[in-house]
Amino acid sequence: MTALIEIEGLTKRFGSFTAVDHVSFSVARGEVVGFLGPNGAGKSTTMRMLAGFMPPTDGTARICGHDIVDSPVPAKRELGFLPEGAPTYPEMSVIDFLAFCARIRGFRGAEKDDRVATAMTRTQLEGVRLQPIETLSKGFKRRVGLAQALLHSPPVLVLDEPTDGLDPNQKHEVRELIREMAPDKAIIISTHILEEVAAVCTRAIVIARGRVLADSTPAALVADGRSMDDVFRSLTLGEAA
Amino acid sequence: MKAAMIVARREFAAYFATPVATVFIVIFLVLTGALTFTLGGFFTRGQADLIPFFSFVPWLFLFLVPALTMRLWAEERRLGTIELLLTLPITPGQAVVGKFLAAWAFCAVALALTFPLWITINVLGQPDNGVVLTGYLGCLLVAGAYLAIGTAISALTRNQVIAFVLAVAACFLFAAAGSPVVTEFLSANLPVMADVARGLSVNERFAGFTRGVISARDFIFFASFIAFWLFLNAVILEHKKAD
């Protein structure tokens, strides 16, 4: 089993505040890791460091063997990243935006068009392909961000709250999509929705105050008969008390 | 360079997808036209050249170019798209060069649209078109210098007003450095600095171009000036991208 994502002692300090405190884990091909934790736990910060947006204060991570600090561009090539809130250029049309991302990722001509078309099909965006992104609803915007992350079929996907703001049907579709892609990728998704972890993830990592509190399968977390909610509360509140 | 060109292409299209392009170009043309014909005495001086036009362009760019650059990074921060752009497989340097080239090409379009002035002098007399051409080249280089300053300052803050005001102030410093007021003051008090100030003055360098002279020194000045600010921009971005 080869680990596509290896995180080693990743740490981020903002002044005296430690947002992420020596987080280490690795994710193998075929795994879907659910990243759980209360707001401000350090989920987004960890993901930003992994995506090469924030430089870590200490520690490092490797994506498909490429160090995110020493060789950021090769690492980013293997990665599909959905930033928190799925930011996109509002004045661009969906197809122009995806074509821009495809070009940056080195696709040209017919292959570029294929990639864009496939990404739009997978995220059900064909109907709005020529609309400016700013005119779309929240759910569509999120799917544009998702399409951008899937475009180059990367071996590693890091999705920050991929289902936030979607209606139940859309949530279902995104989960189906993740399940479908799971066998040949390493995926990390962050979420607040606990049932989502049980639905799509093969592994759950609970993080609070920058530290990993639990790392096991969703089934093992609730093995003692408690609900996911209770487990989450006792883990994340227990230590604060 | 390829990645920088792709970024530049997207940026350039973005100007025309929003009212920014129309507003900027219309205001630029109205102001250059008005100043050239009134204060510049375009007709009354009875000479077939564009000297009155060229004398106003750097001062207009002083205000208009920072208006163009203030949003370049500040807006990316506000929208969060900076996180998207910088997690694509490109270096911060490529993103900086891409944004700069797009803005520069946009300024070139605005300058090119002043062509009716050039037609007018050719109808009314026999101007030296070589001098006109070097004058335009000089304008483009001044625009490039101010753009490079403005873009770097835009990377410092997420507030567009602050980016604008600081960029105007910084550009003014380099515009006014060679003016008699500054150099005379420095000659009297700090003689060493007078030459330095004149050497760093964008307007002083530009003056040569309006006379039809392209000297290697002026050219190297603009090239290194732009390169310096772009480099600074990439460094700022690398350190402050997530702030």
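Of the contacts in chain A between residues at least 6 apart in sequence, 67% join residues at least 24 apart; two residues are in contact if their C-beta atoms, placed from the backbone, lie within 7 Å. The model is predicted: local features need pLDDT of at least 70 and side-chain atom pairs count only at pLDDT 80 or more, while totals for chains, interfaces and linings use all residues. Residues are numbered from 1 along each chain as its sequence is written, and chains are lettered from A and ligands numbered from 1 in the order in which they are written.

**Overall fold of chain A**

- Chain A contains nine helices and ten strands, where helices (H or I, at least four residues) and strands (E, at least two) are DSSP runs numbered from the N terminus.
- Its radius of gyration is 18 Å, close to the 18 Å that the globule rule gives for 241 residues, so chain A is as compact as a globular protein of that length. The radius is taken over C-alpha atoms, and the rule is 2.2 Å times the number of residues to the power 0.38.
- Along the principal axes, the C-alpha atoms of chain A fill a box of roughly 55 × 40 × 35 Å.
- Of the 241 residues in chain A, 46% are buried (20 or more other C-beta atoms within 10 Å of the residue's own; 12 or fewer is exposed, and in between is partly exposed).

**The sheet of chain A**

- An open sheet of six strands has the order β6-β7-β8-β3-β9-β10 in chain A, with mixed pairing; two strands pair if DSSP finds at least two bridges between them.
- β6 (79-82) and β10 of chain A stand at the edges with a single partner strand each, so one side of each has no neighbour in the sheet.
- From one strand to the next, the twist averages 15°; angles run from 0 to 180 degrees between N-to-C directions, and axes are lines fitted to C-alpha atoms, for helices over the stretch in contact.
- Strands β3 (residues 32-36) and β8 (residues 186-191) of chain A pair in the parallel sense over five bridges, with G34(A) opposite I189(A) in β8(A).
- Helix α1 (residues 43-50) of chain A packs on the sheet and touches β3, β7 (156-160), β8 and β9 of chain A; its direction makes about 145° with that of β7(A).
- Helix α5 (residues 138-150) of chain A also packs on the sheet, touching β6 and β7 of chain A, and its direction makes about 170° with that of β6(A).
- Strands β9 (residues 203-208) and β10 (residues 211-216) of chain A run antiparallel and are joined by five bridges.
- A208(A) has R211(A) in β10(A) as its bridge partner. The hairpin of β9(A) and β10(A) has two residues between the strands, and R209(A) there takes a positive phi near 50°.

**F97 of chain A**

- F97(A) lies in helix α3 (residues 94-104) of chain A and counts as buried because it has 23 C-beta neighbours inside 10 Å.
- Beyond its neighbours within four places in sequence, F97(A) is in contact with T88(A), Y89(A), M92(A), I133(A) and V144(A).

**Contact between the chains**

- Chain B gives 19 residues to the contact and chain A gives 20 residues.
- On the side of chain B that touches chain A, α1 (2-17) and α4 (81-85) of chain B are the elements that give two or more residues. The largest share of that side, five residues, comes from α1(B).
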